[in-house]
Amino acid sequence: MGNFILIPIVIILGLVLMSFVFIVKQQTAAIIETFGRFSSIRQSGLQFKIPFVQRIAGRLSLKIQQLDVIIETKTLDDVFVRLKVSVQYRVIREKVYDAFYKLDYPHEQITSYVFDVVRAEVPKMKLDDVFVKKDDIALAVKAELNDAMLDYGFDIIKTLVTDIDPDAQVKAAMNRINASEREKIAAQFEGDAARILIVEKAKAEAESKRLQGQGIADQRREIARGLEESVEVLNKVGINSQEASALIVVTQHYDTLQSIGEETNTNLILLPNSPQAGSDMLNNMVASFTASNMIGEQMKKNKDTRSLDKGKS
């Protein structure tokens, strides 16, 4: 019977003892009120209070917190855009009283200031400038929030513009503009490449023609040198220069015929090839050379005669 009575007493004493003590977590502050009036701020650890006289009015986290605010506003060029502003803040340890008692809803207060600043700054900018100057918007929000929230016990650590989302049609137009600009640049590069290819091809052809001409000139020079040597050899055996030249031409004629006959894929060429053709060609060339020499000697004599007549007069 005594044991049954002892158990309720132990339970009651445990409950009373538990009402005397409480635990505050790390990076947390507990606000204690006595008969409804602020009494003290307790930090992390095991704490004591008077049951039924004192109570925990609330707890505030001292960690860095983040509030994401989404604002829709209009830019200077009349484009509606949605911005996501992330505000990182914390309760100042020395101003827990102000943070707890001066503001009922700190999130709504911070949100209102963010709306006010963003809707004052963004309408001054064009859409492209909003993307470029998003850090300026974030700094303006932080400066305004610091001035306003410091008196309420909140420290604004950082503000970030984490997203800029224009209207879907505006984004599609921007993508088309970007694609057109890239196609224009690609066309310019392709045109430059084609121009360079044409120029280099022309240079290569010019160099090829130059080398080909140089080769032909070298070839003719060697042919002339060979002909000169051939004439000298024929002169040594009693054949004069005219007959030697005619003989060389006839020899080249037959060499040409032989070369054409050796090729399998040659075009049809009609040349005189009768037995007397070579003899006729040789006689004609010798006669031509003889007539040419006679005319030259006659012109030289006439010139000398005119010179003598002028001297006598």
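Because the model is predicted, local features need pLDDT of at least 70 and side-chain atom pairs count only at pLDDT 80 or more, while totals for chains, interfaces and linings use all residues. Residues are numbered from 1 along each chain as its sequence is written, and side-chain values use heavy atoms, with hydrogens and water left out.

The overall picture comes first. The secondary structure comprises eight helices and eight strands; here helices (H or I, at least four residues) and strands (E, at least two) are DSSP runs, numbered from the N terminus. The protein has 313 residues, of which 22% count as buried. Buried stands for under 20% relative accessible area, exposed for over 50%, and partly exposed for the range in between (1.4 Å probe, protein chains only). The protein exposes about 22,300 Å², and carbon and sulfur atoms supply 57% of that area. Accessible areas come from the Shrake-Rupley method with a 1.4 Å probe, and for residues only the protein chains shown count as cover. A contact is defined as heavy atoms within 4.5 Å. Among contacts between residues at least 6 apart in sequence, 63% join residues at least 24 apart.

Thr-73 is located in strand 6 (residues 65-74) and counts as buried because its relative accessibility is 8%. His-107 belongs to helix 3 (residues 106-121) and is partly exposed, since its relative accessibility is 36%.

Backbone angles deserve a look in two loops. Most residues other than glycine have a negative phi. Phe-35, which is not a glycine, has a positive phi of about 50 degrees. Phe-35 sits in the loop between strand 2 (28-34) and strand 3 (37-42), and its relative accessibility of 67% makes it exposed. Asp-78, likewise not a glycine, has a positive phi of about 60 degrees. Its place is in the loop between strand 6 and strand 7 (80-91), and Asp-78 counts as exposed because its relative accessible area is 55%.

Charged pairs come next. A salt bridge is taken as a side-chain nitrogen of Lys or Arg within 4 Å of a carboxyl oxygen of Asp or Glu, and by this rule the count comes to six. One of them joins the side chains of Arg-90 and Asp-155, at 3.7 Å from N to O. This pair links distant parts of the chain, with Arg-90 in strand 7 and Asp-155 in strand 8 (residues 154-166), 65 residues apart. Arg-90 is partly exposed at 29% relative accessibility, and Asp-155 is partly exposed at 21%. Another salt bridge is formed by Lys-102 and Asp-98, again with 3.7 Å from N to O. Lys-102 is partly exposed, with 46% relative accessibility, whereas Asp-98 counts as buried at 17%. Lys-203 pairs with Glu-200, the closest N and O atoms being 4.0 Å apart. Both residues lie in helix 6 (residues 168-236), three residues apart, about one turn of the helix. Glu-200 is partly exposed, as its relative accessibility is 42%.

The surface also carries patches. Patches are made of residues with over 30% relative accessible area and no salt bridge; like charges are joined within 9 Å, and nonpolar side chains (Val, Leu, Ile, Met, Phe, Trp, Tyr) within 5 Å. Lys and Arg count as positive and Asp and Glu as negative, while His and the chain ends are not counted. The place of a charge is taken as NZ of Lys, CZ of Arg, CG of Asp or CD of Glu. A negative patch is formed by Asp-116, Glu-144, Asp-147 and Asp-151. Within this group, Glu-144 is found in helix 5 (residues 134-149) and is partly exposed, given its 33% relative accessibility. A nonpolar patch consists of Phe-20, Ile-23, Leu-46 and Phe-48, with about 440 Å² of accessible area together. Ile-23 lies in strand 1 (residues 21-24) and counts as exposed because its relative accessible area is 59%.
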